[in-house]
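Let's take a friendly walk through this structure, with a look at its salt bridges and then at one of its pockets.

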Amino acid sequence: MAPASELSETLNALTTNHQKLKGYQATYELSSNTGQTGTIEIGVDFRSGWSYLISKFMDEKGKLMQQGQQWTTADGIYLLQSADQKIAFEGLEKLAKRCRKLVEIINPDKEPGIPLQIEPYLYLDEADVRLGIGFSTHQAELLGKTEKLISNTDEAVVADLGKLGSVTFKSKTGIITSQVITSAEKTRSLKRTTWVNNPGKKAISSRFNIDLKKVQRQDLRGSGMSQDFTRRAFQQLIENASRDQKLANSMRTRLLSIANQFVDFLDQEPLNKAGFINNDFFFKFLDQAMAKTAERLKRDGKKIAATDILTTPESRNAFIANLVRSFRQQAPPNKKQEYLAEVLNGNLEGSKGSALVNRVLIEDFIENAYYRVRIGRGIDAYVQQLKGK
């Protein structure tokens with residue numbers, strides 16, 4: 001096994017080589033020792049934003065179990081098709097700006113204008129196939145999950161990804177060429193069978209034959225792409241801190257310094273899936289809290305309206321901070337996981353050492369931001385009600 005310094009250098013080299021790609025097309029064949037098979041086609045032209053991911057999965061008898069398509073177009077559309085259902089999500093450009101901003105928030109010590117691109121991703125996890133299209137900071141999805149190097153040549157890098165098995169990357173592109181994973185006494189594998197470097201916009205877009213005029217349109221915020229990117233951005237921070245002791249030591253301070261910026265980012269998300277404090281209860285609570293505050297101010301010879309207390313930044317922020325502490329202490333343990341899942345559309349990874357410590361710190365940071373956003377929205381609704389009265 002290679003030493004940690006070689007691992008870091010190799011991953012950096014793969015990332016650098018990946019950044020040089022202008023686009024590609026590839027086909028992957030999937031198989032398992034139980035006889036299940038699959039075919040996944042990937043294509044992307046980074047400059048135009050065109051990309052696709054076409055998948056087909058068969059059971060042990062060769063019968064079709066599932067098939068689907070994902071596309072992004074140069075017009076900012078993200079299309080999902082599963083069986084006969086099609087949904088077109090609008091707003092890729094707007095989301096790209098938000099994702100770029102998130103990267104800059106999380107990594108304030110990096111140069112501004114961090115490059116971002118649409119990119120398909122594909123790999124096997126412990127139970128299924130992870131595949132989709134999302135925003136990337138020019139780093140292949142699996143590189144950050146590498147634990148050890150098995151071999152490193154001019155042609156290929158073979159890496160041990162722990163529970164994700166053994167993965168081979170093409171040295172000159174950083175693209176996965178094969179993976180073998182064993183879990184629950186089942187061995188599965190994927191292998192790249194075709195490859196075209198830089199096919200160009202026309203080669204990608206010409207495969208698109210769906211009439212978008214007949215497809216239901218939705219806001220991209222409902223697609224899960226933003227949440228996926230948020231999870232991957234924080235996961236990359238965890239993985240970077242695992243290899244950088246200086247970053248790990250400063251994690252708590254870093255998170256504290258970006259808390260307000262992340263709250264502003266999170267406030268642009270829907271955040272309406274997980275059950276939270278309903279307004280009926282919250283408004284009654286605020287009625288009581290504002291009455292007590294008014295009484296206390298009256299004893300001090302002051303008369304300040306509830307709307308002023310709840311809209312003046314200093315008093316509003318102090319009030320929200322107290323409510324966040326109180327509500328978090330009283331919330332059932334399962335609520336934390338619900339709120340994290342809504343923000344991240346999945347789970348952060350890190351089960352030992354520095355990765356575990358930083359995962360816990362980041363999850364606490366995200367949960368706190370979630371409460372700040374939801375409580376802030378409740379207060380805004382309460383103030384609007386007061387103004388209406």
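The count of salt bridges comes to 15, where a salt bridge is a side-chain nitrogen of Lys or Arg within 4 Å of a carboxyl oxygen of Asp or Glu. Please keep in mind that this is a predicted model, in which local features need pLDDT of at least 70, side-chain atom pairs count only at pLDDT 80 or more, and totals for chains, interfaces and linings use all residues. Residues are numbered from 1 along each chain as its sequence is written, and side-chain values use heavy atoms, with hydrogens and water left out.

| Salt bridge | N to O distance |
|---|---|
| E269 and R98 | 2.8 Å |
| E155 and K170 | 3.1 Å |
| R316 and D380 | 3.1 Å |

Start with E269 and R98, whose side chains meet at 2.8 Å, N to O. This pair links distant parts of the chain, 171 residues apart: E269 is in the loop between α7 (259–266) and α8 (279–299), and R98 is in helix α2 (residues 92–106). Helices (H or I, at least four residues) and strands (E, at least two) are DSSP runs, numbered from the N terminus. Both E269 and R98 are buried; buried means under 20% relative accessible area, exposed over 50%, and partly exposed in between (1.4 Å probe, protein chains only).

Next come E155 and K170, which also meet in a salt bridge. E155 sits in the loop between β9 (148–152) and β10 (156–160) and K170 in strand β11 (residues 166–170), so their pairing ties together parts 15 residues apart in sequence. E155 is partly exposed, because its relative accessibility is 46%, and K170 is partly exposed at 26%.

R316 is buried at 16% relative accessible area, while D380 is partly exposed at 38%. Salt bridges with shared partners also join R328, K336, D364 and E367 into one network.

Now for the pocket. How many residues line the second largest pocket? Its lining has 32 residues, with F57, Q66, D128, V129 and L131 nearest the centre. A pocket here is an open set of points on a 1 Å grid over the protein atoms alone, where a 1.4 Å probe fits, with protein on both sides within 12 Å along at least five of seven lines; lining residues have an atom within 4 Å of a point. Strand β4 gives the largest share of this lining, 6 residues.
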